[in-house]
Amino acid sequence: MKKRTRKALCLSLDNLARQICKLESNFTCARCGMSGDGNMIQWAHIEGRRKKGGMIRWSQNNCLPLCAGELSNHCHYWFDNNKIASSEWLRKRYPDKYNWLHEPINGKPRSEQLFVEGLHELIELETELKEHLKTLK
């Protein structure tokens, strides 16, 4: 059996987390309430997925379904480009997500931690996300 690469696992985890985020919201934007197809509603990260390491990238506590595209209010663009307003909106609308991201771990908020997981941990997460996705379909 061919050994899976970290990159391949990350792509698989991205796809699973994206599907879960959209399905859990019933393809509805968390900010404006617009419903759309799989392309109109995007998997948005509260803490940028490229900025931080670790499994925070795939946590449902770090994502929102937000609309994007020419027929939408462009909530994804607003969220990414209005950090003060979007942070305040998130704190009020999704206090559990906000608090989880700002929960102190070793004296620093979770969102500022840098975790590096091994391939085994990523494979375990992939299995968990696949099982969760099955329950949503």
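Analyst: C21 lies in helix α1, where helices (H or I, at least four residues) and strands (E, at least two) are DSSP runs numbered from the N terminus. This is a predicted model, in which local features need pLDDT of at least 70 and side-chain atom pairs count only at pLDDT 80 or more, while totals for chains, interfaces and linings use all residues. Residues are numbered from 1 along each chain as its sequence is written, and side-chain values use heavy atoms, with hydrogens and water left out.

Helix α1 covers residues 6–24, and its 19 residues should span 27 Å at 1.5 Å a residue, which agrees with the 27 Å between its end C-alpha atoms; the expected span is 1.5 Å times one less than the number of residues. An α-helix has 3.6 residues a turn, so residues three or four places apart point the same way. The buried residues of α1 are L9, C10, S12, L13, D14, L16, A17, I20, C21 and K22, where buried means under 20% relative accessible area, exposed over 50%, and partly exposed in between, with a 1.4 Å probe and protein chains only. These buried residues pack against the strands β1 (41–45) and β2 (63–67) and against the helix α5 (119–136).

C21 counts as buried because its relative accessibility is 3%. Leaving aside neighbours within four places in sequence, C21 is in contact (heavy atoms within 4.5 Å) with W43, Q60, C63, L64 and P65.

When residues up to four places away in sequence are not counted, A17 touches W43, W58, Q60 and L129. Its C-alpha atom is separated by 8.9 Å from that of R57, which is 40 residues away along the chain.

The packing of α1 on α5 can now be taken as a whole. Two packed helices are described by the angle between their axes and the distance between the axes. For α1 and α5 the angle is about 25° and the axes are 10 Å apart; the axes are lines fitted to C-alpha atoms, for helices over the stretch in contact, and angles run from 0 to 180 degrees between N-to-C directions. The two helices α1 and α5 are therefore roughly parallel to each other, given that angles under 35 degrees count as roughly parallel, over 145 as roughly antiparallel, 65 to 115 as roughly perpendicular and the rest as oblique.

The residues of the contact comprise 13 nonpolar, three polar and four charged, where Ala, Val, Leu, Ile, Met, Phe, Trp, Tyr, Cys and Pro count as nonpolar, Asp, Glu, Lys and Arg as charged, and the others, Gly among them, as polar.

Beyond the helix comes the loop between α1 and β1, where S25 is found. S25 is buried, with a relative accessible area of 18%, and its C-alpha atom is separated by 8.7 Å from that of L64, 39 residues away along the chain. N26, in the loop between α1 and β1, has a positive phi of about 55° although it is not a glycine, and at 59% relative accessibility N26 counts as exposed. F27, in the loop between α1 and β1, likewise has a positive phi of about 55° without being a glycine, but F27 is partly exposed, with a relative accessible area of 27%. M40 also has its place in the loop between α1 and β1 and counts as buried at 19% relative accessibility; M40 and F27 are 13 residues apart in sequence and 8.4 Å apart in space, C-alpha to C-alpha.
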